[in-house]
Amino acid sequence: MNTPDPAELRRILVTGIGGAPGLDLALTLLKLGHEVIGTDSNPLAPGLLAPGITARTIARADSPLFAADLMELVHDLKPDALICCVENELPQLVHLRGHLERAGVRTWLPPAASVTTAGDKWEFHQAMRAARVPTPQTWLPDRIGQTPDGTELVVKPRRGQGSKDVHFCRTREQARVLCELVPAPIVQQRVRGVEFSADCLTDRNGRTSAILRRRLMVQAGMSMVAVTIDDPEATKRVAEAIRAIGAVGPVDVQGFITDGADPRVVITEINARFAAGFLLAEEAGADLVRQTLNGLFQQPVDHRRLTYRGGVFLTKYVAVMSTESRAVSGTL
């Protein structure tokens, strides 16, 4: 990596360093020479032990203490900017955006409506349909009777990301039973094909660059092995989906490339944050983190630096970070 100008080095707060996106981003920023403050709500989060990170615990996003904890940390440590890597923190951070700016903390957050749409699979389905972006057929639980005969179905939580509480079934009767077990469920058509993710950056003028990767091995909803791919139609659909919900900054888009079906490319989900596999985009030649910092600090995003090579593989693994003896209160 090129040595940055010391005048450009920043103190950046990264939330969610207990998860792969937050920890990988924090470590990447450290390599670029920036000072990193990392937060997580779990005092056992592995990222809190990462060398070089100023680590702090704060309340969960759904806690009434979250806002007070975050603003206290901001006033104590005075970061220049904040990058969110936890989806369910986004509504809170959008609400706190003005307070953060007055405290001298730059953010690059989506509009509130974008956060709501990305986080609600029914709202997302409606937005994609309105924009004519192909997406799986979706039904609310009381409309299971509308599903076509013989359609493979997926029952999943209406809100949230990841693979928790996601179940596949083949009949309406099975779907009805699963809807009793899954919290706040939604029912979708199951799509088969090549599963892909796109690591994207959308600048303040609405221009999107996307780095596509095929998910080859997935564990707990996260790509453990992936390879960059080139598919112009998928790239076009990704940009259309982001435009349909009005997202900006770093965005992860997920979908399928089907084999001989119409539509060929189907968009399933958008996460308005860095994804767990973004390091593959960097390794394939896309200057994703630096260009995100450009946008964060009101500088132009150079989309020429966001091109990439296809056929580059990423393999992740689980490593032991510590075997030390330490006291962690309130966790057991």
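The radius of gyration is taken over C-alpha atoms, and the globule rule is 2.2 Å times the number of residues to the power 0.38. For the 332 residues of this predicted model, a compact globule would have a radius of gyration near 20 Å, and the protein agrees because its own value is 20 Å. The C-alpha atoms fill a box of roughly 60 × 50 × 40 Å along the principal axes.

As the model is predicted, local features require pLDDT of at least 70 and side-chain atom pairs count only at pLDDT 80 or more, whereas totals for chains, interfaces and linings use all residues. Residues are numbered from 1 along each chain as its sequence is written, and side-chain values use heavy atoms, with hydrogens and water left out.

The secondary structure comprises 9 helices and 14 strands, taken as DSSP runs (helices H or I, at least four residues; strands E, at least two) numbered from the N terminus. Of the 332 residues, 50% are buried (under 20% relative accessible area, with exposed meaning over 50%; 1.4 Å probe, protein chains only). Among contacts (heavy atoms within 4.5 Å) with a separation of 6 or more, 62% join residues 24 or more positions apart.

In helix 6 (residues 172-181), A175, L178 and C179 are buried. These residues lie on the same side of helix 6, because they cover an arc of only 105° around the axis, the arc being that of the directions from the helix axis to the C-beta atoms. They pack against strand 6 (153-157), strand 7 (167-169) and strand 8 (185-189), while E173, V177, E180 and L181 are exposed on the other side of helix 6.
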